[in-house]
Amino acid sequence: MGITGYFELQWKCLVVVALRLLFLVPAGVPARSGDSYLKDNITVRQGDSAVLKCSVDNKVSRVAWLNRTTILFTGNEKWSLDPRVVLLNTAVTEYSIKILNVNVYDEGPYVCSILTNKKPESTKVHLIVQVPARIVNISTDVSVNEGSNVSLVCLAIGRPEPTILWKFRSSKGNRIITEGEYVEMTGITKDMSGSYDCITSNDISPPDVRTVQVTVNYPPVISQAQSKGTAVGQKGVMWCEASAVPLADFQWYKGERRLLNGFNGVKIENKGKQSMLTFFNVSEEDYGNYTCVAMNTLGITNASIILYGPGAMHDMNNAALSPTSSLLLLTLVLTLSILSKF
């Protein structure tokens with residue numbers, strides 16, 4: 001440091017000390033002497049601007065703005081190195097500063113020190129910075145098997161402290177399930193599969209919402225298996241519907257013989273949860289009992305369906321649902337599935 005810089009630094013220090021002595025402001029404790037007036041707190045949202053006002057009159061000989069440890073302005077001279085702090089050109093009876101793009105580090109006490117007839121006075125204001133609620137961490141999407149335990153977490157920040165709510169959304173409707181950062185689910189069922197919304201708010205801005213998708217895997221459950229009475233020579237249709245995650249694969253059997261699409265005048269169409277078996281030209285040999293088999297990686301089930309002619313005796317549902325098939329059929333299906341992988 002050169003001689004000039006040294007003397008300039010020393011001069012700055014002397015001026016700061018002189019200003020604090022002038023306004024009777026001990027270092028680190030701004031404007032504690034003389035008459036002091038506490039104004040209302042000023043509350044602003046992070047990112048907005050804050051205006052700190054100080055009333056003066058023609059009797060004022062010196063005036064300055066200070067924060068916790070720094071002199072911001074003395075008269076029209078700026079001492080703060082922060083470009084966000086500016087002096088406003090307002091009325092002669094007002095000495096005000098403006099802080100642009102306020103952040104949480106600006107929060108705290110500010111003092112307007114005034115020297116009137118050699119008597120120091122000060123006006124204190126406390127700046128409060130509010131921060132909108134924001135989610136900073138949340139669980140990723142979850143895929144588990146039915147019966148598993150699931151924990152979800154959602155962490156949020158904000159000032160004031162935000163609240164957190166969890167909302168469950170499914171095809172059956174929406175409902176709030178809990179308040180707080182965590183959701184604990186024991187022995188999860190397929191009915192608990194859906195969207196879990198973490199909603200955080202502190203009334204500073206619109207709520208912040210993020211979603212965790214929970215997928216519950218379960219074995220097939222056949223909910224519908226039907227056919228209609230069909231005359232010889234007509235088109236006959238049987239269909240089978242099964243709920244499962246992942247989606248079920250379907251196979252059709254007559255007795256122990258597996259039916260293949262496009263062979264022996266039949267067509268098999270699998271679309272989502274439903275499988276349809278179509279006979280383009282029903283013959284006497286086509287009548288009888290058929291089995292729809294639904295399977296995925298978690299299990300297998302089947303339903304028996306009867307293709308019958310007009311006037312034939314049949315049950316009300318045209319089918320017999322069963323959670324398990326005959327041992328022979330299950331063994332055959334599983335064997336064919338294993339062999340198809342080689």
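Two strands count as paired if DSSP finds at least two bridges between them. The model discussed here is predicted, with residues numbered from 1 along each chain as its sequence is written. Local features need pLDDT of at least 70 and side-chain atom pairs pLDDT 80 or more, while totals for chains, interfaces and linings use all residues; side-chain values use heavy atoms, without hydrogens and water.

Q: Which residue of β8 is the bridge partner of V86?
A: β7 and β8 (residues 97–99) pair in the antiparallel sense over three bridges. The partner of V86 in β8 is K98.

Q: What share of the contacts in the protein chain with a separation of 6 or more comes from residues 24 or more positions apart?
A: A contact requires heavy atoms within 4.5 Å. Among contacts in the protein chain with a separation of 6 or more, the share from residues 24 or more positions apart is 62%.

Q: Is strand β16 (residues 194–201) largely enclosed or largely open?
A: Buried means under 20% relative accessible area, exposed over 50% and partly exposed in between (1.4 Å probe, protein chains only). Seven of the eight residues of β16 are buried, so the rest of the structure leaves this strand largely enclosed.

Q: Which residue of β17 stands opposite S195?
A: β16 has an antiparallel pairing of seven bridges with β13 (residues 163–170), where T163 stands opposite S201 of β16. With β17 (residues 208–227), β16 again pairs in the antiparallel sense over seven bridges. In β17, the residue opposite S195 is Q213.

Q: Which residue takes a positive phi in the hairpin of β16 and β17?
A: Six residues lie between the two strands of this hairpin. The residue with a positive phi, near 65 degrees, is D203.

Q: Why is the aromatic pair of F168 and Y196 classed as it is?
A: The whole structure holds two aromatic pairs (ring centres of Phe, Tyr and the six-membered ring of Trp within 6.5 Å; planes under 30 degrees apart are stacked, over 60 edge-to-face, the rest tilted). F168 lies in β13 and Y196 in β16, so the pair ties together parts 28 residues apart in sequence. Both residues are buried. The ring centres are 4.7 Å apart and the planes at 35 degrees, so the class is tilted.

Q: What is the geometry of the pair formed by F279 and Y290?
A: F279 is in β22 (residues 274–279) and Y290 in β23 (residues 288–296), 11 residues apart. F279 is buried at 3% relative accessible area, and Y290 is buried at 2%. With 5.4 Å between centres and 65 degrees between planes, the geometry is edge-to-face.

Q: How far apart are the C-alpha atoms of S49 and I99?
A: S49 lies in the loop between β2 (42–45) and β3 and is partly exposed, with a relative accessible area of 34%. Beyond four places in sequence, S49 touches V44, K98, I99, L100, N101 and V102. Although S49 and I99 are 50 residues apart along the chain, their C-alpha atoms are separated by 5.6 Å.

Definitions and conventions:
Helices (H or I, at least four residues) and strands (E, at least two) are DSSP runs, numbered from the N terminus.
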